[in-house]
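Hi,

Here is the structure I promised to pass on. Have a look at it first, and then read my notes below.

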Amino acid sequence: MLKLATDRLYLRPPQMDDAAAIAAALSRYEVAKDMAHVPHPYSLEDAQAWLERQPKVLPPYGQKFAIFTHEDQFCGMTGFTEREELPSLGYYMHPDFWGQGLMTEANWALIKWLFNGPGAAKITSGVFDYNIASLKVQQKLGFQTVGQSQVQSLAQNKEFAHIDTELTKDAFENAAPTLATLRKNT
């Protein structure tokens with residue numbers, strides 16, 4: 001099984017056994033409201049259905065990872081969807097783990113893994129314009145703002161301004177933040 005690791009975390013593809021933890025995180029309104037495609041309320045059945053829909057053979061940029069502490073505590077999810085033939089980064093974290101730099105650390109490992117493989121030269125992402133914490137995660141990793149759009153939040157049933165971002169392989173390698181550097185800025 002594919003597994004990525006950092007000093008404090010490990011990442012692996014989600015499994016059906018993760019459904020309860022996924023539902024516990026996404027059932028929290030403060031998490032769901034910041035995501036485009038997550039309804040609120042979010043149930044165990046929603047998590048199970050999402051896990052069942054995950055392809056057994058992933059498209060080139062379709063890899064998803066559950067994030068765990070080394071003590072096996074589920075923290076959240078990160079991963080890619082393919083948009084316009086580019087990997088697009090999306091992520092969330094359970095509020096119990098906010099403010100510790102864990103999402104930056106997890107995404108650093110994921111981006112490093114992707115850029116060390118063949119093919120990917122750029123990653124897209126973005127955040128609702130009010131989600132400053134998520135934007136800071138991206139900025140620490142070297143993402144640059146490339147535009148603005150309007151995106152629907154299912155949980156809020158409303159469109160919001162969305163800051164569109166991207167990270168090139170060259171920019172990531174030139175900035176190449178280390179985990180030690182990222183922790184200093186947490």
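A term to start with: a residue is buried at under 20% relative accessible area, exposed at over 50% and partly exposed in between, using a 1.4 Å probe and protein chains only. By that rule Glu85 counts as exposed, because its relative accessibility is 66%.

Before the rest, some housekeeping. This is a predicted model, where local features need pLDDT of at least 70 and side-chain atom pairs count only at pLDDT 80 or more, while totals for chains, interfaces and linings use all residues. Residues are numbered from 1 along each chain as its sequence is written, and side-chain values use heavy atoms, with hydrogens and water left out.

Now the backbone. Most residues other than glycine have a negative phi, and most peptide bonds are trans. Glu85 has a positive phi, near 65 degrees, and lies in the loop between β4 and β5 (86-93). Helices (H or I, at least four residues) and strands (E, at least two) are DSSP runs, numbered from the N terminus. Asp72 also has a positive phi, near 70 degrees; you'll find Asp72 in the loop between β3 (64-69) and β4 (74-83). Asp72 counts as exposed because its relative accessibility is 53%. There is a cis peptide bond too, between His40 and Pro41, with omega at about 5 degrees. Pro41 lies in the loop between α2 (29-32) and α3 (44-53).

What about the aromatic rings? Rings of Phe, Tyr and Trp (its six-membered ring) pair if their centres lie within 6.5 Å; planes under 30 degrees apart count as stacked, over 60 as edge-to-face and the rest as tilted. The whole structure has seven aromatic pairs. One of them is Phe68 with Phe74, edge-to-face at 5.7 Å centre to centre and 75 degrees between the planes. Both Phe68 and Phe74 are buried. Phe128 and Phe160 make another edge-to-face pair, with 5.6 Å between centres and 65 degrees between planes. That pair links distant parts of the chain, 32 residues apart: Phe128 is in strand β6 (residues 122-128) and Phe160 in strand β8 (residues 158-168). Phe128 and Phe160 are buried as well.

Back to Phe68 and Phe74: ring pairs link them with Tyr10 into a cluster. Lys3 lies over the face of Tyr10, 4.3 Å from the ring centre (a charge sits over a ring if NZ of Lys or CZ of Arg is within 6 Å of the ring centre and within 35 degrees of the ring normal).
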